[in-house]
Amino acid sequence: VELVVADAEAMQDLKERLDAPVPPLRMAANRVAGERPYILALVGPPGAGKTTTAAKLAVHPLVFANARVGFLTLDTFRAGAIEQLEATALVADCPVEVVYEAHEVPSALERLHACDLIIVDTPGRSPMSEEQNKRWRQLLRVIQPDETHLVVPASLRPEVA
């Protein structure tokens with residue numbers, strides 16, 4: 001059990017921040033024709049919600065405004081991972097590319113070139129899975145994301161993180 005105590009002023013400040021409209025990210029508006037899409041990668045442990053987070057980011061009307069979003073998945077290990085992302089992409093009308101090897105990255109990025117933003121979904125791996133982690137890290141180096149975000153479950157205890 002965790003108890004958080006805050007005064008009324010701090011609670012009011014938090015409420016105002018939560019109620020404020022979320023400004024859309026500007027990377028799409030600043031993209032010059034012919035320029036490479038902005039690339040955002042999501043990394044984290046197994047079961048953290050990376051694929052779900054990618055889907056929610058892509059379809060939320062305030063997060064990326066009118067940006068054309070595409071998905072690039074490196075998660076070819078988890079059963080149903082590709083199908084889950086493809087189902088979301090179908091509903092959101094977003095293209096999806098699946099990459100298994102580093103030499104496939106350039107052509108996958110080329111096929112997503114019409115997008116303003118590419119969300120990269122990575123596989124969840126234990127830190128002990130050295131060989132598999134090495135493989136997807138190599139893919140991320142080739143992709144060169146503009147941002148990489150760590151996704152962790154909200155229920156994760158700080159001492160475990």
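## Val105 and its contacts

Leaving aside neighbours within four places in sequence, Val105 is in contact with Val99, Leu139, Val142 and Ile143 (contact means heavy atoms within 4.5 Å). Val105 is found in helix H4. Helices (H or I, at least four residues) and strands (E, at least two) are DSSP runs, numbered from the N terminus. Val105 is buried, with a relative accessible area of 1%. Buried means under 20% relative accessible area, exposed over 50%, and partly exposed in between (1.4 Å probe, protein chains only). The C-alpha atoms of Val105 and Val142 are separated by 7.1 Å, while the two residues are 37 apart along the chain.

This is a predicted model: local features need pLDDT of at least 70, side-chain atom pairs count only at pLDDT 80 or more, and totals for chains, interfaces and linings use all residues. Residues are numbered from 1 along each chain as its sequence is written, and side-chain values use heavy atoms, with hydrogens and water left out.

## Overall layout

The protein has 5 helices and 5 strands. From the N terminus on, the elements run α-β-α-β-α-β-α-β-α-β. Of the 161 residues, 33% count as buried. Among contacts between residues at least 6 apart in sequence, 77% join residues at least 24 apart.

The accessible surface comes to about 10,300 Å². Carbon and sulfur atoms account for 57% of that surface. Accessible areas come from the Shrake-Rupley method with a 1.4 Å probe; for residues, only the protein chains shown count as cover.

## Nonpolar cores

A nonpolar core is a set of buried Ala, Val, Leu, Ile, Met, Phe, Trp, Tyr and Cys residues joined through side-chain atoms within 4.5 Å. The largest one has 17 residues. Those with the most contacts inside it are Leu72, Leu74, Val99, Ile118, Val120, Leu140 and Ile143. The elements that give two or more residues to this core are S1, helix H4 (105-111), S4 and helix H5 (130-143). H5 supplies the largest share, 4 residues. Apart from this core lies another, of 16 residues, among them Ala67, Val69, Ala89 and Cys94.

Val99 is in contact with Leu72, Thr73, Leu74, Thr76, Glu104, Val105, Ala108 and Leu139, leaving aside neighbours within four places in sequence. Thr73 sits in strand S2. Thr73 counts as buried at 1% relative accessibility. Not counting residues up to four places away in sequence, Thr73 touches Ile82, Leu85, Glu97, Val98, Val99 and Asp121.

## Strand S4

Strand S4 (residues 117-121) has 5 of its 5 residues buried, so it is largely enclosed by the rest of the structure. In a regular strand the side chains alternate between the two faces of the sheet. Leu117, Ile119 and Asp121 point one way from S4, and Ile118 and Val120 the other way.

Two strands pair if DSSP finds at least two bridges between them. Strand S1 (residues 38-43) and S4 pair in the parallel sense over 5 bridges. Leu42 has Asp121 as its bridge partner in S4. Strand S2 (residues 69-73) and S4 also pair in the parallel sense, over 5 bridges. Here the bridge partner of Val69 is Leu117.

## Salt bridges

The whole structure holds 3 salt bridges (a side-chain nitrogen of Lys or Arg within 4 Å of a carboxyl oxygen of Asp or Glu). The side chains of Asp146 and Arg36 meet in one of them (3.4 Å, N to O). Asp146 lies in the loop between H5 and S5 and Arg36 in the loop between helix H1 (8-19) and S1, so this pair ties together parts that are 110 residues apart in sequence. Asp146 is partly exposed at 41% relative accessible area, and Arg36 is partly exposed at 34%.

Asp116 and Arg68 also meet through their side chains (2.9 Å, N to O). Asp116 lies in the loop between H4 and S4 and Arg68 in the loop between helix H2 (50-59) and S2, so the pair ties together parts 48 residues apart in sequence. Asp116 counts as buried at 9%, whereas Arg68 is partly exposed at 47%. Glu97 and Arg111 form a salt bridge too (2.8 Å, N to O). Glu97 lies in strand S3 (residues 96-98) and Arg111 in helix H4. Glu97 is buried at 13% relative accessibility.
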